[in-house]
Number of protein chains: 4
Amino acid sequence: MSQAPEQETVYNRVAGGNLLRLSAISDGIFAVGMTLLVLGLTVPAVQSVNSDTDLLRQLSYLLPAIVTYFMSFLTLGIFWVGQQTQLSDVQRANRAYTWIHLVFLLAVTMVPFTTQLLARFHWSRVAVLIYWLNIVVLGFALLAGGEYANRAGLFPPERGPMLLRLIRRRVYGAQLLYLVGVLLSVFGTNWSIGFIVAIQLNFAFAPPIPVLRRI
Amino acid sequence: MSQAPEQETVYNRVAGGNLLRLSAISDGIFAVGMTLLVLGLTVPAVQSVNSDTDLLRQLSYLLPAIVTYFMSFLTLGIFWVGQQTQLSDVQRANRAYTWIHLVFLLAVTMVPFTTQLLARFHWSRVAVLIYWLNIVVLGFALLAGGEYANRAGLFPPERGPMLLRLIRRRVYGAQLLYLVGVLLSVFGTNWSIGFIVAIQLNFAFAPPIPVLRRI
Amino acid sequence: MSQAPEQETVYNRVAGGNLLRLSAISDGIFAVGMTLLVLGLTVPAVQSVNSDTDLLRQLSYLLPAIVTYFMSFLTLGIFWVGQQTQLSDVQRANRAYTWIHLVFLLAVTMVPFTTQLLARFHWSRVAVLIYWLNIVVLGFALLAGGEYANRAGLFPPERGPMLLRLIRRRVYGAQLLYLVGVLLSVFGTNWSIGFIVAIQLNFAFAPPIPVLRRI
Amino acid sequence: MSQAPEQETVYNRVAGGNLLRLSAISDGIFAVGMTLLVLGLTVPAVQSVNSDTDLLRQLSYLLPAIVTYFMSFLTLGIFWVGQQTQLSDVQRANRAYTWIHLVFLLAVTMVPFTTQLLARFHWSRVAVLIYWLNIVVLGFALLAGGEYANRAGLFPPERGPMLLRLIRRRVYGAQLLYLVGVLLSVFGTNWSIGFIVAIQLNFAFAPPIPVLRRI
C-alpha cells in the first residue's frame with residue numbers, strides 16, 4: 001500500500017521463512033484445542049450424587065459430550081498428522097505458505113465450536129452442514145498448501161510432483177467421502193454423522209494396523 | 001477405503017514420521033493440562049472475607065481441591081517422564097506409532113476430569129474405578145508404544161529388546177500396584193486413594209533421591 | 001540493588017541468551033491466545049433452538065463475535081509473522097533483548113481483551129483508542145527489538161543496518177496507517193474500524209498473492 | 001518398591017534425560033500461565049455502558065485487575081528468564097533434575113492463583129504471606145536445581161562451581177529482599193506489596209538498561 005514493491009518483496013522473502021516456528025505454533029494450537037475440549041465435560045454436582053448408582057446415572061448424561069469429545073480429538077488428530085506430513089516434506093517456508101497454514105490453523109481452532117454445535121443439535125441439517133464446511137476448509141487449506149509448495153518450489157525438486165499427487169488424491173478422496181456423508185442427511189442427519197465418524201475412524205486407525213486391515 | 005493399498009502404504013510411510021513434532025504436541029498437551037488444573041482453585045469471594053481469620057478458613061475449604069491439584073500434577077508428571085523416556089529412545093516415528101501416542105494423549109487430557117471426579121466423590125467406588133481406568137489406559141498405551149516400537153524397529157536395533165523389557169517390567173509392576181490399590185476399595189475407598197498416592201509419590205520422588213531410597 | 005555490578009554483568013550475559021526458548025514461549029503465547037479466542041463463541045442453548053431456522057437465527061446473533069474472532073486471529077497472525085521474521089534474523093539473544101520481547105508478548109496477551117472491547121462497544125471512541133494503543137505497543141516493541149538488536153550486534157554484522165531499515169520503514173509505515181485509522185474516528189468509529197481491518201487484510205494477504213497485488 | 005535397584009538405576013539414567021523436552025514443557029506451562037492471566041480481565045457488560053464516560057468508569061474498576069495482571073506477568077517473566085539461564089548452562093538432564101524442575105513448574109502454575117489472592121485481599125497479611133511463600137518455593141526450587149546440577153555434574157565441569165556461586169548469590173540476595181518485603185507488613189501490607197513490586201521491577205528492567213542503572 002504505502003510501501004515500495006521492491007521492499008515488500010524483500011520483506012516477503014525474509015518473513016515467515018522459519019519452518020520450525022510454523023510447526024511450533026501449529027503444535028501449540030492443536031495441543032490447546034485438544035486439551036480445551038475436556039472443559040466440555042463437567043463433573044457432576046455434589047448435591048446430585050448420593051450413591052454409586054447416582055454417579056453412574058449422572059455420568060450417563062455426559063455420554064453425548066464424551067462421544068463428541070472423542071470425535072473432535074480424532075478430527076484434530078487426523079488433520080494434525082496430515083499437516084505434519086506436509087510440513088516434514090517441505091524444505092523451507094515463505095510468507096505466503098505461512099499464511100495458508102495460518103488459515104488452516106484458524107479452521108483448527110473452530111473445530112471445538114463446530115463439533116459442540118453438532119453434538120447439541122445432531123438432528124439439524126444446518127449443524128451437519130457447518131461441521132462439514134469446517135472439514136472442507138481444513139482439507140482444502142492443506143491442499144492449497146501442497147499446491148503452493150509445489151508451485152513455489154518448497155518441496156524437494158525431485159519429489160514435489162509425487163508429493164502433490166499424493167496430497168491431491170488423499171484430499172479429493174477424503175472430501176468426496178465427506179460429501180457423500182453430508183448428502184446422506186437427506187435420509188436423516190444420523191446417517192451423515194455415522195458415515196462421517198466411520199470415515200474418520202478409518203483415516204485414523206484402519207490403515208496402520210495390519211491385522212484390522214486384513215479383516 | 002476408497003484408496004489403493006500401495007498409495008496408503010506410501011502415505012503411511014510419509015505420514016507421522018516427525019518425532020520432534022510428536023514431542024512438541026505432547027509437551028503442549030501436558031503443559032496445558034497441568035496449567036488448566038489451577039482453574040479448579042477458586043479465589044474466595046470478597047464479601048466472604050473480612051479478616052485474616054476469615055481468609056484462612058475460606059482457604060481451608062480449598063484444601064481438598066489443592067490436594068487433588070497436586071495429585072493430578074504428580075500423575076501427569078510421572079507419565080510425562082515415562083513418555084519422554086520412550087520417545088528419547090526411539091529413533092524415528094511412523095504413522096501407527098504416532099496414533100498410539102495420540103491415544104495416550106487423549107488419556108492425558110482426561111486426567112483433570114477423572115481426578116476432579118475422584119476428589120469430589122472420594123467415597124465412591126465408581127469414581128475410584130474410573131480414575132484407575134484412566135491410569136490403566138495411560139500405562140498400557142505407553143506399553144503398546146514400546147511393543148510396537150520394538151516390533152517395527154523404531155528402537156536402535158541393539159537396544160530394542162532391553163528397552164522393551166524395561167518398559168514391560170515397569171508398566172506391569174506399576175499396574176499390579178495400582179490393581180492392588182483399586183482392590184483395596186473393598187475395605188473402603190480411602191484405602192485405595194491413600195495407596196495410589198503412595199505409589200505415585202514413590203514413582204516421582206523416591207528413586208532419584210539416594211538418601212530416601214536407603215531408608 | 002544489593003548486588004555488585006560485575007556479578008550482574010555476568011548474570012546478564014548468561015541470562016536470557018537462548019533464542020530457541022524465546023521462540024518457544026512466543027509460539028506458546030500466540031497459540032494459546034489464538035485458541036482461547038474461540039471461547040468467545042458460545043454454542044446456542046438447547047432450549048432456544050427447535051428447528052433449522054431457529055439455529056440459523058441464533059447463529060446470526062454470533063456474527064459480530066465471529067468477525068471479532070477473525071480480526072483478532074488476523075492481528076495475532078500479522079504480529080507473529082513480524083516477530084518470527086525478526087527472531088530468525090537475530091543470531092543470539094541476551095537478557096535485555098529477551099525482556100523487550102516479553103513486553104511485546106504482554107501486549108500479545110492483551111489482544112483478545114482489547115478486540116472484545118472493540119467488538120462490544122464499536123460505537124465508542126475510547127474502545128477504538130484502546131485497541132489502537134495495543135497495536136501501537138505491539139509495533140513499537142518490535143521496533144525497539146530491532147533497534148536494540150542492531151545496537152547490541154545481535155544481527156549478522158553485514159545485514160544489521162539493512163534489517164533495521166526494513167523494520168523501521170515497515171513499522172513507521174504501518175503505524176502511520178493505523179494513526180490515520182484512529183483519526184478517522186472523528187467522522188465515526190465505523191470509519192476507523194473499516195480502515196484498520198483493510199490495513200490488516202492488506203498486511204496479511206495482499207502482498208504474497210501476486211494476482212491480487214496486480215489488481 | 002517392587003523393582004530391583006539395578007533396574008531402577010537403569011531407568012533413572014534413561015528417564016528424564018531430554019533437556020529439550022524439559023525446556024518445551026516449561027515454555028508451554030509459562031506460556032499458558034501468562035496467557036490465562038488475561039481471563040481475569042472481564043470486558044464490561046453491554047448494558048452497563050451507554051457512553052464513552054461510562055466505558056472509562058467501568059474500565060477504571062478493572063485497574064486493580066490490570067495491575068495484578070502486569071505483576072503476575074512480571075513475576076513469571078523473571079522466573080522464566082532465571083530457569084532458562086540455568087537450563088542453558090546445563091549439559092544434560094536426568095530424572096532427579098527433571099523432577100526438581102517439575103516442582104518448580106508446579107509453583108509456576110500457582111502464581112496466577114496467589115497473585116489474584118493478593119490482589120483481592122491486599123489488606124491481608126495471610127495473602128501477603130502466601131504470595132511470598134510462592135516466590136520462596138520458586139527461588140529455592142531454582143537453587144535446588146543449581147545445587148543438584150553441580151553435585152551431579154550436569155554443568156560443564158570447569159564452569160560448574162562458578163555457575164552455582166552465581167545462582168546462590170542471586171537467589172539468597174533476592175530472597176533476602178523478599179523477606180524484608182514480607183517483614184514490612186508489620187507496618188502495613190501496602191509497604192510489603194510496594195517493596196516487592198519495586199524488587200521485581202528492578203530484577204526485570206533495571207540491570208539491562210545502562211541508563212537506569214547509573215541513576
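The copies use different surfaces, as 8% of the contact residues of chain B recur in chain A.

This is a predicted model, where local features need pLDDT of at least 70, side-chain atom pairs count only at pLDDT 80 or more, and totals for chains, interfaces and linings use all residues. Residues are numbered from 1 along each chain as its sequence is written, while chains are lettered from A and ligands numbered from 1 in the order in which they are written.

Now for the contact itself. Chain B puts in 39 residues and chain A 37 residues, counting two residues as in contact if their C-beta atoms, placed from the backbone, lie within 7 Å. On the chain B side, helix 5 gives the most, with 13 residues (helices are DSSP runs of H or I, at least four residues, numbered from the N terminus).

How far can you trust it? The model scores ipTM 0.83 and pTM 0.86. Chain A averages a pLDDT (the predictor's confidence in each residue, from 0 to 100) of 84, and 87% of its residues score at least 70. In chain A, helix 6 (residues 125-151) has the highest confidence at 94, and helix 9 (residues 210-214) the lowest, at a mean of 41.

Key. Helices (H or I, at least four residues) and strands (E, at least two) are DSSP runs, numbered from the N terminus.
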